[in-house]
Amino acid sequence: MNENLTGKNASSEGYFILLGFSHWPHLEVVLFVLILMFYLMTLIGNLFIIVLSYLDAHLHTPMYFFLSNLSFLDLCYTTSSIPQLLVNLWGPEKTISYAGCMTQLYFALALGTTECVLLVVMSYDRYAAVCRPLHYTVLMSPRFCHLLAVASWVSGFTNSALHSSFTFWVPLCGHRQVDHFFCEVPALLRLSCVDTRANELTLLITSSIFVFIPLILILSSYVAIARTVLRLQSSTRLQRLFGTCGAHLMVVSLFFIPILCIYLQPPSGSSQEQGKFIALFYTVVTPSLNPLIYTLRNKDVRGAVRRLVGQERPVHS
């Protein structure tokens, strides 16, 4: 391990040491370049969706309203941990202040939970559009869409407040080396010298509520969508529906599968190291791929881009 990590005053109450990928020092430069590339893709891609959805009136629909929420959410989610990770990968110092660590823990957990709920809301929107087309405008009224979005954000930040407050009160003993690349609840609980079973039980219960239940609801909605789609006679409409719903299912898979892998694997030294790379996938890779998944082969987005570019061209008489 890097001598700078062990030589640092790890027992200082003002700082934590994020070990991150220091066990593989030869990988840190490669990881820095790759993560920076994915982070820039995340910023550009998600900002593109937000701006385009705002500027083009044809995209002022529930689907793109929720997609803009997801893009903004991904921007915040990656920014809560990636800049700190890039700083730690670039230099020998791996420290983060106590306040910075607790802030990172709160926002990373809040935004991750919000995304779980928001993906359920987006699946309900697709269910209403496909299975209840005649009632869609009534079911997904602007007021109701805003309420669903607010409920997603409030539930995420409320859940995080619960865990963060419990974690704040856990006494941390001995070293301050967090065996992860960002501050998360399980990694900080491992630093405690008291019984944390109550914290772990609370984490398990809320994880079931905000991970397993959303996943079941999403899959149920797409089973209903699949049944409706298979009864359609129009091949063009069928392809359009599969394209839209397929994109959402791909995003759901990229987000939920890595999270399930982390929570289902038994705790061990090797699983902790694997967990870092799995967490790297859903905190870095998935948010950068979401804009590509939703915009590639999307006629609405291509049309919006053409209209936007067309407005900027000079009009010839």
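Q: Before we start, what should I know about the model and the numbering?
A: It's a predicted model, where local features need pLDDT of at least 70 and side-chain atom pairs count only at pLDDT 80 or more, while totals for chains, interfaces and linings use all residues. Residues are numbered from 1 along each chain as its sequence is written, and side-chain values use heavy atoms, with hydrogens and water left out.

Q: OK, how many disulfides does the structure hold?
A: There is 1 disulfide (a pair of cysteine sulfur atoms within 2.5 Å). Cys-101 and Cys-183 form it, with their sulfur atoms 1.9 Å apart.

Q: Which hand does that link have?
A: Left-handed, with -120° about the S-S bond.

Q: And what does the pair tie together?
A: Cys-101 sits in helix H5 (residues 98–131), and Cys-183 in the loop between strand S3 (177–178) and helix H8 (185–189), so the pair links parts that are 82 residues apart in sequence. Helices (H or I, at least four residues) and strands (E, at least two) are DSSP runs, numbered from the N terminus.

Q: Is Cys-101 buried or exposed?
A: Buried, with a relative accessible area of 0%. Cys-183 is buried too, at 1%. Buried means under 20% relative accessible area, exposed over 50%, and partly exposed in between (1.4 Å probe, protein chains only).

Q: What about Cys-76 and Cys-116?
A: Cys-76 counts as partly exposed at 26% relative accessibility. Cys-116 is in helix H5 and counts as buried at 3%.

Q: Switching to packing, how do H5 and H7 cross?
A: The axes of H5 and helix H7 (residues 142–168) come within 8 Å and cross at roughly 145°. Axes here are lines fitted to C-alpha atoms, for helices over the stretch in contact, and angles run from 0 to 180 degrees between N-to-C directions.

Q: Left-handed or right-handed?
A: H5 passes H7 in a right-handed crossing. A crossing is left-handed if the near helix is turned anticlockwise from the far one by less than a right angle, and right-handed if clockwise.

Q: Which residue classes make up that contact?
A: The contact of H5 with H7 has 18 nonpolar, 10 polar and no charged residues. Ala, Val, Leu, Ile, Met, Phe, Trp, Tyr, Cys and Pro count as nonpolar, Asp, Glu, Lys and Arg as charged, and the others, Gly among them, as polar.

Q: How many cavities are there?
A: The structure holds 4 cavities of 30 Å³ or more. On a 1 Å grid over the protein atoms alone, a cavity is a set of points where a 1.4 Å probe fits but cannot get out, and lining residues have an atom within 4 Å of a point. Grid points are joined across faces, edges and corners, and a volume is the space filled by probe spheres set on the points.

Q: What lines the largest cavity?
A: Its lining includes Met-63, Phe-66, Asp-125 and His-248. The largest cavity holds about 70 Å³ of space, and helix H3 (62–79) and H5 each supply at least two lining residues.

Q: And the second largest cavity, which helix gives the most to its lining?
A: Helix H4 (residues 82–90), with 3 residues. The volume of the second largest cavity is about 50 Å³.

Key. 1 Å grid on protein atoms, 1.4 Å probe; cavity = no way out; pocket = protein on both sides within 12 Å on 5 of 7 lines; lining within 4 Å.
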